[in-house]
2 protein chains.
Amino acid sequence: MVGKTDNDDVLERWISQARKGYFEMLLLARVSAGRAYGYQIVASLKHAPGFENLAEGTVYPVLSRMKKDGLVTAEWVAEETGAPRKYYTITDRGAAALARMRAVWTRMGEVLDAQGDTA
Amino acid sequence: MVGKTDNDDVLERWISQARKGYFEMLLLARVSAGRAYGYQIVASLKHAPGFENLAEGTVYPVLSRMKKDGLVTAEWVAEETGAPRKYYTITDRGAAALARMRAVWTRMGEVLDAQGDTA
DNA sequence: GCAATATATATAGCAATACATAGTACATGG
DNA sequence: CCATGTACTATGTATTGCTATATATATTGC
């Protein structure tokens, strides 16, 4: 089996950096699509390309920070069976933040693409 | 004169995080467009939306790191007048890394956009 | 001639965030 | 009873953009 090359490791490190910021936006978008609980969010994101190895330890702290920043609300719900679940709902402030993040992300993409024409 | 709101500060902080990773890709793209020296790169990026306040202290360390990682080469050129300039040229390894970064960036955008459909 | 400004490059320290890892608790199945 | 799945929490580490500052040379205006 072919092991990882130096290039793979460099790109993995880069991806980790590139996700800073992006990941909060991604989670906000996910919650914006409909109220959800933590484990459910982790499980659904694991189906997205590139996130197969996503760990809970990556997701829960961001959800906590988003709650602290007022971007989402969190509510414990006791299930008939199983552990209680913490459901997250986006707030107006969170929806506004998400819109602005998307705009910035789009602009960053445009700035990137513009680098090829200004040699 | 209207000052910044909390929302502005939160977004500014977020932008700083969102630029991690992205900024290296941006500089690689800039150098990929044609060999350039540091001050010139700073000056041209300052015309890009969102980068009006870009500082040299942000750019030179990333150029240094890219050289150290073998993504670009650097070459001092003495000008007839003025201080000597350090010119940067992308390497094959840098071009390959840029292509992969772009692919990841595109995929991240797709994953983000997909969050609206999976409620 | 000197001060201010522009051009040109460099560096240290800090703040913030994704990630890895480990832990706790409850339910289920063999 | 143990392993696994479900569900959430805590902590330390690594890394990078940003701020602030420094140094050097050339040009311009008084």
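Around DNA strand C there are 25 residues, and the closest are A:Arg19, A:Lys20, B:Tyr39, B:Arg85 and B:Lys86, where near means that a heavy atom of the residue lies within 4 Å of the strand. Before I go on, this is a predicted model, in which local features need pLDDT of at least 70 and side-chain atom pairs count only at pLDDT 80 or more, while totals for chains, interfaces and linings use all residues. Residues are numbered from 1 along each chain as its sequence is written, chains are lettered from A and ligands numbered from 1 in the order in which they are written, and side-chain values use heavy atoms, with hydrogens and water left out.

Of the atoms of DNA strand C that come within 4 Å of the protein, 77% belong to sugar and phosphate.

Now to the protein chains: 41 residues of chain B are in contact, meaning heavy atoms within 4.5 Å, with 41 residues of chain A. How many salt bridges are there between chain B and chain A? The count is two, a salt bridge being a side-chain nitrogen of Lys or Arg within 4 Å of a carboxyl oxygen of Asp or Glu. In one salt bridge, the side chains of B:Asp113 and A:Arg102 meet at 3.7 Å, N to O.
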